Amino acid sequence: MKSFLQPLLIFGVAVGVVVAVRAMTSAPAVDAPSFFQHTTLDAGLEQAELEGKPVFAFATADWCGPCQRFKGSTLSEPAVAEFLGNETVPVYIDVTERGNTDAAMLGVRSIPAAFIIEPGGNMYPMPGQPSGDGLISWVKTVTN
């Protein structure tokens, strides 16, 4: 009887660990912040060229917990929304959309990922997942 209980106990612990890890890494889906004007990189680059602004490209997916937390915190801050909406051409890239090649064009290897793309083509990847103030500071640094 003892040999039967040991595998059952191990299985129960394993299931508990899996459930706990999934609960810690998942987050409810958050809608794209309203300041995102474009959903294709080509459209954003075209608009940026016309306006003489850099593109802020954000690659994400609904199933990505860290992406949802970043959208729900940093990208939802009013100061960030105002700054990115006024000073950049924001592009929202859903990496799971069928036929979406924008993430591949940017070289996205993990998400969330964000980039500043200046008119003329210089591209700067966002380091980590900064706070609102950190994101604004980073954009100002790479575009000046």
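**Sheet and helix packing in a predicted model**

User: Which order do the four strands of the open sheet take?

Analyst: The order is S2-S1-S3-S4, with mixed pairing; strands are DSSP runs of E, at least two residues, helices are runs of H or I, at least four, both numbered from the N terminus, and two strands pair if DSSP finds at least two bridges between them. This is a predicted model, where local features need pLDDT of at least 70, side-chain atom pairs count only at pLDDT 80 or more, and totals for chains, interfaces and linings use all residues. Residues are numbered from 1 along each chain as its sequence is written, and side-chain values use heavy atoms, leaving out hydrogens and water.

User: Which strands stand at the edges?

Analyst: S2 and S4 (123-125); each has a single partner strand, so one side of each is left without a neighbour in the sheet.

User: And how do S3 and S4 pair?

Analyst: Antiparallel, over three bridges. Phe115 has Pro125 in S4 as its bridge partner.

User: OK, helices. At what angle do the axes of H4 and H6 cross?

Analyst: Roughly 20°, and the axes of H4 (residues 78-87) and H6 (residues 132-143) come within 9 Å. Axes are lines fitted to C-alpha atoms, for helices over the stretch in contact, with angles from 0 to 180 degrees between N-to-C directions.

User: Which residues of H4 are buried?

Analyst: Val80, Phe83, Leu84 and Gly85, where buried means under 20% relative accessible area with a 1.4 Å probe, protein chains only. They pack against S1 (55-60), S2 (89-94) and H6, with contact meaning heavy atoms within 4.5 Å.

User: Switching topic: which peptide bond is cis?

Analyst: The one from Ile111 to Pro112, with omega near 0°. Pro112 lies in the loop between H5 (102-106) and S3 (113-117).

Methods. Buried < 20%, exposed > 50% of the residue type's maximum accessible area, 1.4 Å probe, protein only.
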